[in-house]
Amino acid sequence: MPAPTRLLVNPAAGRGRALRRLAAATHALSRLGPLDVVRTERAGDEARLALDAVADGVRTLVVLGGDGTISRVGGALATVGAETALATLAAGTGNDFAKSFGTPVHDFAAMAERVARRETRRVDVGRLNTRPFVNAAGFGFDVAVLDRMSRARWLRGDALYIAAALAELFRFGGVDARVRIAPDLFDARDRWLLVVIANGQWFGGSFHIAPTARLDDGRLDLVLVRDMRAWRRARVFSSAPAGTHVRAPEVETHNATTCAFITEVPVACELDGELMPAEQSVLEADVLPRALVCVA
């Protein structure tokens with residue numbers, strides 16, 4: 001009979017950080033009672049393993065991994081309306097969802113106590129062209145940064161994102177797109193430096209990208225940054241960790257349940273830090289309200 005708690009590990013998360021923290025995670029959770037441990041072997045395993053947990057009647061699925069792992073697990077659970085609760089132990093690069101959610105994911109013992117009490121909270125899940133995300137999706141500057149990060153070998157964590165962002169700050173050319181927010185709230189065609197569709201507040205490890213976003217309000221926060229001169233880019237970028245970039249005249253913020261983006265050519269996107277190839281020139285976002293049960 002499956003244990004009520006299962007630990008799902010992505011050994012590749014955080015460039016091997018998850019594997020290095022596996023013993024500590026197992027020790028903390030094993031004190032609660034029987035524990036199953038499963039590992040991903042290839043990209044995409046997370047969704048299958050999440051659905052296996054639901055089918056097995058697992059009450060709490062603990063994820064040891066980064067934002068990409070959490071996104072795929074959370075998206076799978078939300079899509080089927082599972083009552084299996086998701087708990088997170090940090091092992092990624094940015095851990096943005098954990099920062100937005102506010103749980104002590106770096107303290108494995110504290111998180112184990114919360115799993116034991118099974119204090120839960122329902123949160124929203126966003127979708128971009130029907131593909132779910134738990135924290136944020138977007139296109140433009142962030143995609144260029146993530147692409148550069150994937151090729152870097154000499155930094156980790158927040159420092160890696162900041163270094164990659166600085167490198168792209170004066171190189172990225174912007175994206176021509178029409179942004180439409182229903183119903184008739186906003187409709188503009190422009191060149192955008194960055195478009196973020198936020199469910200949570202944090203982005204890129206250290207950027208308070210959507211300060212007013214709430215994970216359980218049934219809506220998405222849109223942060224639309226128009227292209228600008230190089231010196232303005234630097235100024236706006238430097239204010240993002242404090243969340244004051246939203247005051248800049250080049251930045252539009254909106255709150256909506258659905259929105260659409262039409263680009264002249266297919267554009268690459270990112271969902272919770274995972275790159276999506278440039279395949280479509282029409283992107284539509286919506287939200288599944290309170291669709292995911294999380295250990296709080």
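In this predicted model, the buried residues of helix α6 pack against β1 (5-9), α2 (22-30), β3 (60-65), β4 (85-90) and β15 (282-295). Helix α6 itself spans residues 108-117, and its buried residues are F108, A110, M111, A112 and V115. Just after α6, R118 adopts a positive phi of about 50 degrees.

One of the elements against which α6 packs is α2. The two helices meet at an angle of about 35 degrees, and their axes lie 9 Å apart. The crossing of α2 past α6 is right-handed. On the α2 side the contact is formed by A24, A25, A28 and L29, and on the α6 side by F108, A109 and A112. By class, this contact comprises seven nonpolar residues, with no polar and no charged ones.

A further helix pair is formed by α3 (residues 45-55) and α4 (residues 67-79), which pack at an angle of about 45 degrees with axes 8 Å apart. Angles under 35 degrees count as roughly parallel and 65 to 115 as roughly perpendicular; α3 and α4 are therefore oblique to each other. Here too the crossing, of α3 past α4, is right-handed. Helix α3 contributes E46, A47, A50, L51 and V54, whereas α4 contributes T69, R72, V73, A76 and L77. This contact contains seven nonpolar residues, one polar residue and two charged residues.

The packing values of the two pairs are set out below.

| Helix pair | Angle between axes | Axis separation |
|---|---|---|
| α2 and α6 | about 35 degrees | 9 Å |
| α3 and α4 | about 45 degrees | 8 Å |

Two individual residues complete the description. R226 is located in strand β10 (residues 220-226). Its side chain is joined to that of E252 by a polar contact of 3.2 Å. Not counting residues up to four places away in sequence, R226 touches F186, A188, D190, R191, W192, L193, E250 and E252.

W202 occupies the loop between β9 (186-198) and β10. With a relative accessible area of 22%, W202 is partly exposed, because burial requires a value under 20%. Leaving aside neighbours within four places in sequence, W202 is in contact with D96, K99, S100, N135, F207, H208, I209 and P241. The C-alpha atoms of W202 and D187 are separated by 26 Å, the two residues being 15 residues apart along the chain.

Notes: Residues are numbered from 1 along each chain as its sequence is written. This is a predicted model: local features need pLDDT of at least 70, side-chain atom pairs count only at pLDDT 80 or more; totals for chains, interfaces and linings use all residues. Side-chain values use heavy atoms; hydrogens and water are left out. Axes are lines fitted to C-alpha atoms, for helices over the stretch in contact, and angles run from 0 to 180 degrees between N-to-C directions. Helices (H or I, at least four residues) and strands (E, at least two) are DSSP runs, numbered from the N terminus. Angles under 35 degrees count as roughly parallel, over 145 as roughly antiparallel, 65 to 115 as roughly perpendicular and the rest as oblique. A crossing is left-handed if the near helix is turned anticlockwise from the far one by less than a right angle, and right-handed if clockwise. Contact means heavy atoms within 4.5 Å. Ala, Val, Leu, Ile, Met, Phe, Trp, Tyr, Cys and Pro count as nonpolar, Asp, Glu, Lys and Arg as charged, and the others, Gly among them, as polar. A polar contact is a pair of N or O atoms within 3.5 Å; within protein, one must be able to donate a hydrogen and the other to accept it, and residues adjacent in sequence count only if both atoms are side-chain atoms. Buried means under 20% relative accessible area, exposed over 50%, partly exposed in between (1.4 Å probe, protein chains only).
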